[in-house]
Amino acid sequence: MKSPMKFFASLVLAMLCASAACGAEMTVTDCLGRAVTVPVAPQRILGSGSGALRLLTYLQANDRVVAVDSIEKRNDPPQSKASRPYAFAHPEFAALPLFGEFRGKDNPELIAGLSPQPQVIFKVSPLSGPHPDQLTAKTGIPVIGLEYGNLSDEKEQFYATLRLMGQVLDKEQRAEEVVAFFEKHLAELRRRTAGVPEKERRSCYIGGVSMRGTHGFTSTEIGYPPFLYTGAKNVASDGSGRSETVNVAKEKILQWDPQVVFMDINTLRAKGEASGLWQLSFDPVYAELSAVENGEIWSVLPYNSYTVNYGSVLVNSYFVGKTLYPDRFADVEIASVADGIYSFLVGKPLYAQISEALSGKIFCRLNLEGK
């Protein structure tokens, strides 16, 4: 005889299956303010646009995805896929049918020809590519427009998107677990770095930040979350906390003279003089930077690849904290923390795999070339 709890769970599952079989529907409001009617708990879905498939993976709905866009079909080298941990964890995505080009450039004809047919399309940055109304008109499939958010000034947007997707997918509990997971880690980072005396707060700069490809040393982020949540003094910050990748003048970096430099390791994939590490090594303009003179140049994970990889942002934050305030993070073992984060978000511990793909050059002191 089943326990009351197991009986109740079975009953709920049966009711959900019955609702789906009977064509039950629900209406939600998407980020464009559109009322969209969708099936209850759809089992066949698409994730369109930058980061959509990542969020579906976070919500443990990746097994419902019936097709992917072109970025998942590319034969990228391991170091490129390491920038997208959800794809590293789920190579099966690459075997699914194609429904369009990446960044939301959906192909209605390909979608209409899919078998089985998706019941719902989750479209991040919905005005990229075909408008949701146009896509629905051509395919007959409801499209929910979503904004991706971030972990700085648009964190609530990120959480609202998870909750809306969870509502549609009957994954409300998982959505709340994911939100709580991020809040727990961000609170822990704040706790560990609370009350750091001003004299111990060294100035920092993040260089070589990826954005739609690799960039050199002058590419940085104004509201870099690992600095934001560890109370680090981001020399490029304008005080707003907004998330924006910008290119700054060399002269500005010299004026700021950061004591510690963190480098997005993806910059090493840039060719020759385009690499941030090459620029720090051989451009005489940077020779007198305090961080260069003192060897305070550290590598961090790339996290901008098909938009923000939230798990890697958290892992970077712990490394930044451990580098800047070693006493406060003495008990933190980065590999273990990373595996815990990736296991929760994408279903697999990936630290060793990512480290190998990036030639073991993550979370270490970078030596300047020719020095």
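Two strands pair if DSSP finds at least two bridges between them. Helices (H or I, at least four residues) and strands (E, at least two) are DSSP runs, numbered from the N terminus. The model is predicted: local features need pLDDT of at least 70 and side-chain atom pairs count only at pLDDT 80 or more, while totals for chains, interfaces and linings use all residues. Residues are numbered from 1 along each chain as its sequence is written, and side-chain values use heavy atoms, with hydrogens and water left out.

**The sheet**

Select β3 and β7 (residues 120-124), which pair in the parallel sense over four bridges. I45 stands opposite V120 in β7. Contact means heavy atoms within 4.5 Å.

**Two loops**

Move to A41, in the loop between β2 (35-39) and β3. Phi of A41 is near 50°, a positive value in a residue other than glycine. At 8% relative accessibility A41 counts as buried, a term for under 20% relative accessible area, with exposed over 50% and partly exposed in between (1.4 Å probe, protein chains only). Then select P116, in the loop between α5 (108-112) and β7. The peptide bond from S115 to P116 is cis, with omega near 5°.

**The helix pair**

Select α13 (residues 310-324) and α14 (residues 334-346), whose axes come within 9 Å and cross at roughly 160°. Contact residues include L314 and F319 of α13 and V337 and I341 of α14.

**N316 and F363**

Finally, select N316 in helix α13, which counts as buried because its relative accessibility is 0%. Leaving aside neighbours within four places in sequence, N316 is in contact with Y224, P226, V300, L301, Y303 and F363. F363 is found in the segment after α15 (351-357). Phi of F363 is near 55°, a positive value in a residue other than glycine. F363 is buried, with a relative accessible area of 11%.

Methods. Axes are lines fitted to C-alpha atoms, for helices over the stretch in contact, and angles run from 0 to 180 degrees between N-to-C directions.
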